[in-house]
Structure formats: C-alpha cells, structure tokens
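Visitor: Please show me the structure, and let us then work through it in questions and answers.

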Amino acid sequence: MIGQMGSFEFPSAGIDEPLECYLHGYVSSRIMNLARNSDNGLPLCIATSKVDGLVMSLTPNSHSYNYRSVVLHGYAKLVTDEEEKLWAMKLITNSVVADRWDNTRVPPDRAEMSSTVILRVKIVDGSGKIRDGPPSDDRKDTERPEVTDRVWTGVVPVYETYGEPIPSDGNQLSEVPEHITSYITKKNFQNRALAERAATR
C-alpha cells in the first residue's frame, strides 16, 4: 500500500505540524472494506523502515544496521469528499515522482475514481527509531590486537539508486521528460549522501 503524510485543510503544513496519513488502495481490498464498515474509524498501525548501512563490527554479536524506522497508530476512515480525494491522489502520486500528476492524463475518469479508495488516517501516536554511526565494539575486543589486526570494521552504505528510464512499447516521446530525469538525479544524490553521512555520524 502506498501512502503519504499531508493535510487537506492546511496543505502547506510542515512535518512539525499535525498531519494525517493518506493511503491509496483498490476499492475491494480487505482493508478498504474493513474501514468502510467501521463507524468510528478502523484502528490501524502503519510501519515503515529504511536501511542506510550494514554495520560490521569485530564480533558477529555486535553487527547491526544503520536504519530509520517509524510506527504510527491511528484511525482510518474513507475519504468521501471528491475534492479531498483528488487532492490526496495528487499528493500520493507526486510522492512517487515529483510533479508526475501534472504530467499525466488527469483528472482520473469516473471508472478510475470508482475503483480507487483513499483512507485518511488520523494519527493518535507514533514512535520512531534511528540507528546511525560506525560500529560500537566492546573494549574487551578493541584492546586485543589479535582481533583488531585481522577483522575489518566499518559501515557499508546502503542506498536506493534509480536507474536509467526504459520507455514502454507504446511510448511516443523521443526523450525522457525533465521532471523524471531531474527527479532521478536529485534522489540518487540525496540517497547516497544520506547513507554516507549516517555511516560517520
């Protein structure tokens, strides 16, 4: 399921302001049916994680990952207002590739609107956890040359890389649009930089 944080009532709200999570799904999926039949909102837990590095220590027991993770708890209701639904669909589409919504055939037609359901999740609490930095070995190992002289320690950065766009069989454009190429360049730079910073923090 794909989703994005946002506020329909306050579209310019930032991450430090109250936001709701909008989830996009198919009309007959189980979670959409459960939400449809829940008067007070379907209790929901949303979890996501991103690995930024493989942390390699002197001992297997101390190996780890650099990562970012969050768990949100809230109550989901179907978005029934068409204006809010379109706004959320645009928000979610542009979270995949910036400016993609305006570079497609929009607005969605009746069949597409009918087959798509948007859930608005009112977040009531959440927790996040980040692990970054180099390995953290015990002194009993770091002070033993017979160990430190033969075991490599450090972090292997892990980051998502976007490849070269491959046109579909039906594509009629001779060049990849700028909103896609610039997005790829920006995200590849950001992802690598973040993983490398996390390795040394």
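Visitor: Which residues form the nonpolar patch on the surface?
Guide: This is a predicted model, in which local features need pLDDT of at least 70 and side-chain atom pairs count only at pLDDT 80 or more, while totals for chains, interfaces and linings use all residues. Residues are numbered from 1 along each chain as its sequence is written, and side-chain values use heavy atoms, with hydrogens and water left out. Patches are built from residues with over 30% relative accessible area and no salt bridge, nonpolar side chains (Val, Leu, Ile, Met, Phe, Trp, Tyr) being joined within 5 Å and like charges within 9 Å; accessible areas come from the Shrake-Rupley method with a 1.4 Å probe, and for residues only the protein chains shown count as cover. With about 460 Å² of accessible area together, the members are V51, L54, Y65, W152 and V156.

Visitor: Is W152 buried or exposed?
Guide: W152 is found in the loop between α5 (145-148) and β6 (154-157); helices (H or I, at least four residues) and strands (E, at least two) are DSSP runs, numbered from the N terminus. Buried means under 20% relative accessible area, exposed over 50%, and partly exposed in between (1.4 Å probe, protein chains only). Because its relative accessibility is 55%, W152 counts as exposed.

Visitor: How many salt bridges does a search of the whole structure find?
Guide: A salt bridge is a side-chain nitrogen of Lys or Arg within 4 Å of a carboxyl oxygen of Asp or Glu. Searching the whole structure on this basis gives a count of 11.

Visitor: With which residue does D52 form a salt bridge?
Guide: D52 counts as buried, at 4% relative accessibility. The closest N and O atoms of the pair are 2.8 Å apart, and the partner of D52 is R68. The pair links distant parts of the chain, 16 residues apart, with D52 in strand β3 (residues 42-56) and R68 in strand β4 (residues 64-78). At 31% relative accessibility, the partly exposed member is R68.

Visitor: What is the N to O distance in the salt bridge of R105 and E112?
Guide: R105 is exposed at 54% relative accessibility, whereas E112 is partly exposed, with a relative accessible area of 29%. Their side chains meet in a salt bridge with an N to O distance of 2.7 Å.

Visitor: Why does D141 count as buried?
Guide: D141 is placed in helix α4. Leaving out residues up to four places away in sequence, D141 touches L58, T59, V147 and T148 (contact means heavy atoms within 4.5 Å). D141 counts as buried because its relative accessible area is 7%.

Visitor: Which side chain of opposite charge is nearest to D137?
Guide: D137 lies in the loop between β5 (116-131) and α4 (139-142). For charge, Lys and Arg count as positive and Asp and Glu as negative, with His and the chain ends not counted. D137 is buried yet has no salt bridge, and at 8.7 Å the nearest side chain of opposite charge is R131.

Visitor: Which backbone nitrogen does the side chain of D137 reach?
Guide: Beyond its neighbours within four places in sequence, D137 is in contact with S57, L58, T59, S62, T142 and T153. At 3.0 Å, the side chain of D137 reaches the backbone nitrogen of L58.

Visitor: What is the relative accessible area of M113?
Guide: M113 lies in helix α3 (residues 110-115). Not counting residues up to four places away in sequence, M113 touches E82, K85, L86, M89 and P108. M113 is buried, its relative accessible area being 5%.

Visitor: What is the phi of D99?
Guide: D99 lies in the loop between α2 and α3, and D99 is partly exposed with a relative accessible area of 48%. Although D99 is not a glycine, its phi is positive, at about 65 degrees.

Notes. A polar contact is a pair of N or O atoms within 3.5 Å; within protein, one must be able to donate a hydrogen and the other to accept it, and residues adjacent in sequence count only if both atoms are side-chain atoms.
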